[in-house]
Amino acid sequence: MNPKFDELQMLNRQKIAFQTLIFTLALIFVDGFVKTFYIWATPMVEALVLLSIPTVFFTTRAIMKNAYFVMGTKIKKEIWGFGAICAFGIIILAQSIFSGTLNIIENGMLSDEVSFPILILTYIFIVLAMVVKAVQERKEGKNVDE
């Protein structure tokens, strides 16, 4: 047993991991069914989407159930770290959008250039989940890294 996590955190994380596994299998099944009729993305983008959606699902659920952070972790520090990555990614993404170099769809399917926006969206969702959790804890009167 990891002394940095209590047993409830471990149990919650295991339940969330199982739910994420079932969710991922359902996504793969739906993707396989859709792919028999229409190829919607290149293989790399397809894999990235099929990994990003369950990642956001798992991370968000784990954060909301207090099963994500090690005990004693300063959530503000985590928010600033992930937020910096998001800000840097948004700047790069905005530059590519305004310069006209971002092609989202090529030949009727998602192009490889959409990989970076998908990763940035994944990080943004994780930061939003952490911010929501920090606001909830502050409203409940818990110490949120004063």
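**Exercise 1.** Which residues are buried in α2?

*Solution.* The model is predicted. Helix α2 covers residues 43–64. Its buried residues are Val 45, Glu 46, Leu 48, Val 49, Leu 50, Ser 52, Pro 54, Val 56, Thr 59, Ala 62 and Ile 63. Next, look at their partners. These buried residues pack against α1 (7–37), β2 (109–110) and α4.

**Exercise 2.** Check the span of α2 against its number of residues.

*Solution.* Take 1.5 Å a residue; the 22 residues of α2 should then span 32 Å. Now take the end C-alpha atoms: they are 32 Å apart, which agrees. Just after α2, Asn 66 has a positive phi of about 60°.

**Exercise 3.** Describe how α2 and α4 pack.

*Solution.* Start with geometry. The angle is about 5°, and the axes are 10 Å apart. Angles under 35 degrees count as roughly parallel. The two helices α2 and α4 are therefore roughly parallel to each other. Then list contacts. From α2 come residues including Val 45, Val 56 and Met 64; they meet a set in α4 including Ser 115, Phe 125 and Gln 136. Finally, sort the residues of this contact: 13 are nonpolar, seven polar and one charged.

**Exercise 4.** Which residues make up the largest nonpolar core?

*Solution.* The core has 10 residues: Ile 63, Ile 75, Ile 79, Phe 82, Cys 86, Ile 126, Val 127, Ala 129, Met 130 and Ala 134. Two elements, α3 (75–99) and α4 (115–139), each give two or more residues to this core. Of the elements, α4 gives the most, with five residues. Zoom in on Val 127. Beyond its neighbours within four places in sequence, Val 127 is in contact with Phe 82, Gly 83 and Cys 86. Another core, of six residues, lies apart; among them are Ala 41, Val 45, Val 49 and Ile 118.

Note on methods. Residues are numbered from 1 along each chain as its sequence is written. This is a predicted model: local features need pLDDT of at least 70, side-chain atom pairs count only at pLDDT 80 or more; totals for chains, interfaces and linings use all residues. Side-chain values use heavy atoms; hydrogens and water are left out. A nonpolar core is a set of buried Ala, Val, Leu, Ile, Met, Phe, Trp, Tyr and Cys residues joined through side-chain atoms within 4.5 Å. Buried means under 20% relative accessible area, exposed over 50%, partly exposed in between (1.4 Å probe, protein chains only). Helices (H or I, at least four residues) and strands (E, at least two) are DSSP runs, numbered from the N terminus. Contact means heavy atoms within 4.5 Å. Axes are lines fitted to C-alpha atoms, for helices over the stretch in contact, and angles run from 0 to 180 degrees between N-to-C directions. Angles under 35 degrees count as roughly parallel, over 145 as roughly antiparallel, 65 to 115 as roughly perpendicular and the rest as oblique. Ala, Val, Leu, Ile, Met, Phe, Trp, Tyr, Cys and Pro count as nonpolar, Asp, Glu, Lys and Arg as charged, and the others, Gly among them, as polar. The expected span of a helix is 1.5 Å times one less than its number of residues.
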